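Look over the sequence and the coordinates, then read the points by topic.

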Amino acid sequence: MKLYGHPDSGHAFKVKFFLDWVGVDHEYECIDIFSDRSTRSADFLGTSKFSEVPTLIDNGQSYIQSNAILAYLSKRFGLLNETNNKKCFEWLIWEANKIGMCLPQLRAHEKFSNKHPQFRLSQGAYDWLYGRYKNDVNVLDRELMDKPYILGEQISIADFSLCAYLMYANEAQVKVPTNAESWLGRIREQKGWQNPYEMLRG
């Protein structure tokens, strides 16, 4: 098993964290996500459909899109029982269209736009994404008001997904409300946790 990722990719972080939490032996290769896609390694280009991270190779098959990879790994190792759980998949899809959409763009604007102008947002785009983030993170915060993890007492792949870019929230210069911050603290206590820049540095 091999995972391609990068320390600045929250999507890669969620997959690597889950693999380390499960304790799966795997190779890891860091891909320069700021390079021209055509210049990336031939092995990577030959296996990654969109030349993006994360890409997972398992038994000769390539898997892309972080939440789809989490669902595959959950079924593959049979360690979490939520692969057919309606609520779990609702949260995976919610993450991709909510926190996983607005927060990475706000972070890229704050962290990368001076060096990489393509990440700079117009004021209108910034205001819209920031409004989306505030609404979305408050939805998550309310959901976590009376339970330790998003589905209840046990951690799930939905937690690994939802937490990913919130681990970089300070770089986006946004606040994480109280219940969500406490939940992130519990996730940081899980087996395999490392700061994303340590975990994914290669």
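A residue counts as buried when its relative accessible area is under 20%, and as exposed when it is over 50%. With that cut-off, Ala180, Trp183, Leu184 and Ile187 of helix 9 are buried. Seen down the axis of helix 9, these buried residues fall within an arc of 105°, so they line one face of the helix. The model is predicted.

**Helix 9 and its partners**

- Helix 9 covers residues 178-188.
- Its buried residues pack against helix 1, helix 6 and helix 7.
- Helix 6 returns the contact: helix 9 is among the elements that the buried residues of helix 6 pack against.

**Helix 6**

- Helix 6 runs over residues 123-143 and has 21 residues.
- From its first C-alpha to its last, helix 6 reaches 30 Å, close to the 30 Å expected at 1.5 Å a residue.
- Which residues of helix 6 are buried? They are Tyr126, Leu129, Arg132, Tyr133, Asp136, Val137, Leu140 and Asp141.
- Viewed down the axis of helix 6, the buried residues fall within an arc of 165°, so they line one face of the helix.
- An α-helix has 3.6 residues a turn, so residues three or four places apart point the same way.
- Exposed Gln123 and Arg142 sit on the face of helix 6 turned away from its buried side.
- The buried residues of helix 6 pack against helix 4, helix 5, helix 7 (157-163) and helix 9.

**Helix 4**

- Helix 4 has 12 residues.
- Its reach from first C-alpha to last is 17 Å, close to the 16 Å expected at 1.5 Å a residue.
- The buried residues of helix 4 are Cys88, Trp91, Leu92, Trp94 and Glu95.
- Down the axis of helix 4, its buried residues fall within an arc of 165°, so they line one face of the helix.
- Lys86 and Ile93 are exposed, on the face of helix 4 turned away from its buried side.
- Packing partners for the buried residues of helix 4 are helix 1, helix 3, helix 5, helix 6 and helix 7.
- Phe89 also belongs to helix 4. Phe89 counts as partly exposed, at 32% relative accessibility.
- Phe89 and Gly60 are 29 residues apart along the chain, and their C-alpha atoms are separated by 26 Å.

**The largest pocket**

- The largest pocket holds about 790 Å³ of space.
- Its lining has 30 residues, and the closest to the pocket centre are Ser9, His11, Glu52, Val53 and Tyr165.
- The lining divides into 14 nonpolar, 9 polar and 7 charged residues.
- Which helices each supply at least two residues of the lining? They are helix 1 (10-22), helix 3 (66-77), helix 4 (86-97) and helix 5 (99-112).
- Helix 5 gives the most to the lining, with 7 residues.

**Gly10**

- Gly10 lies in helix 1.
- Is Gly10 buried or exposed? Gly10 is buried, with a relative accessible area of 0%.
- Beyond its neighbours within four places in sequence, Gly10 is in contact with Ala164, Tyr165 and Tyr168. Tyr165 is also one of the residues closest to the centre of the largest pocket.
- Gly10 and Gly192 are 182 residues apart in sequence, yet 16 Å apart in space, C-alpha to C-alpha.

**Backbone points to check**

- Where is the cis peptide bond with omega near 0°? This bond runs from Val53 to Pro54.
- Pro54 is placed in the loop between helix 2 (42-47) and strand 3 (55-58).
- Ser51 lies in the loop between helix 2 and strand 3. Phi of Ser51 is near 55°, a positive value in a residue other than glycine.
- Ser51 counts as buried, at 13% relative accessibility.
- Gln173 is not a glycine, but has a positive phi of about 60°.
- The loop between helix 8 (169-172) and helix 9 holds Gln173. Gln173 is exposed, with a relative accessible area of 56%.

Notes:
Residues are numbered from 1 along each chain as its sequence is written. This is a predicted model: local features need pLDDT of at least 70, side-chain atom pairs count only at pLDDT 80 or more; totals for chains, interfaces and linings use all residues. Side-chain values use heavy atoms; hydrogens and water are left out. On a 1 Å grid over the protein atoms alone, a cavity is a set of points where a 1.4 Å probe fits but cannot get out, and a pocket is an open set with protein on both sides within 12 Å along at least five of seven lines; lining residues have an atom within 4 Å of a point. Grid points are joined across faces, edges and corners, and a volume is the space filled by probe spheres set on the points. Helices (H or I, at least four residues) and strands (E, at least two) are DSSP runs, numbered from the N terminus. Ala, Val, Leu, Ile, Met, Phe, Trp, Tyr, Cys and Pro count as nonpolar, Asp, Glu, Lys and Arg as charged, and the others, Gly among them, as polar. The expected span of a helix is 1.5 Å times one less than its number of residues. Buried means under 20% relative accessible area, exposed over 50%, partly exposed in between (1.4 Å probe, protein chains only). The arc is that of the directions from the helix axis to the C-beta atoms. Contact means heavy atoms within 4.5 Å.
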